[in-house]
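Colleague: I would like to learn how to read charged contacts and surface features in a model such as this one. Could we go through them step by step?

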Amino acid sequence: GLTFANGMAFQLIAAAIEAMRGAGLPEKQAAIAVETALMRALRAYVHGGRRGWTGPLAEGDRHELSRQYQG
């Protein structure tokens with residue numbers, strides 16, 4: 001559990017920030033956006049367990065995922 005929470009989470013954060021930077025966001029803005037998203041996800045999990053995971057990916061909504069990807 002600690003390996004996931006520490007080592008793997010760090011890599012997820014770095015990848016998310018790099019993806020946003022690749023989309024044109026400055027590093028500071030990307031870091032703030034990722035921090036906000038991760039804190040919301042953590043709070044959702046703490047309060048609702050797996051039921052806290054919502055949105056098109058959790059629901060398997062391929063149409064919405066494709067729409068978001070095309071941006």
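Colleague: Which side chain meets that of Arg67 in a salt bridge?

Modeller: Before the case itself, please keep in mind that this is a predicted model. The general idea is that side chains of opposite charge can pair when their charged atoms come close. Here the side chain of Arg67 meets that of Glu64, with 2.7 Å from N to O. Both residues lie in helix H4, which covers residues 62-70, and they are three residues apart, about one turn of the helix.

Colleague: Are Arg67 and Glu64 buried or exposed?

Modeller: Arg67 counts as exposed because its relative accessibility is 51%, whereas Glu64, at 18%, counts as buried. The cut-offs behind these words are over 50% for exposed and under 20% for buried.

Colleague: How many salt bridges are there by this rule?

Modeller: The count comes to three.

Colleague: Which residues are linked in a network of salt bridges?

Modeller: The network links Glu18, Arg21 and Glu27. Arg21 forms a salt bridge with Glu18, in which the closest N and O atoms are 3.7 Å apart. Because Arg21 and Glu18 are three residues apart in helix H1, about one helical turn separates them. Arg21 also takes part in a salt bridge with Glu27, and there the closest N and O atoms are 4.0 Å apart, a value to be read against a cut-off of within 4 Å.

Colleague: How do Glu18, Arg21 and Glu27 count in terms of relative accessibility?

Modeller: Arg21 counts as partly exposed, at 37% relative accessibility; Glu18 is likewise partly exposed, at 47%, and so is Glu27, at 48%.

Colleague: Turning from charged to nonpolar side chains, which residues form a nonpolar patch on the surface?

Modeller: That patch is formed by Leu12, Ile13 and Leu38, which together have about 230 Å² of accessible area. Of these residues, Leu12 is found in helix H1, which spans residues 2-22.

Key. Residues numbered from 1 in each chain as written. Predicted model: local features only at pLDDT ≥ 70, side-chain atom pairs only at ≥ 80, totals over all residues. Heavy atoms only, no water. Patch = residues over 30% accessible without salt bridge, like charges linked within 9 Å, V, L, I, M, F, W, Y side chains within 5 Å. Areas by Shrake-Rupley, 256 points an atom, 1.4 Å probe, with all protein chains shown as cover. Helix = DSSP H or I, 4+ residues; strand = E, 2+ residues; numbered from the N terminus. Buried < 20%, exposed > 50% of the residue type's maximum accessible area, 1.4 Å probe, protein only.
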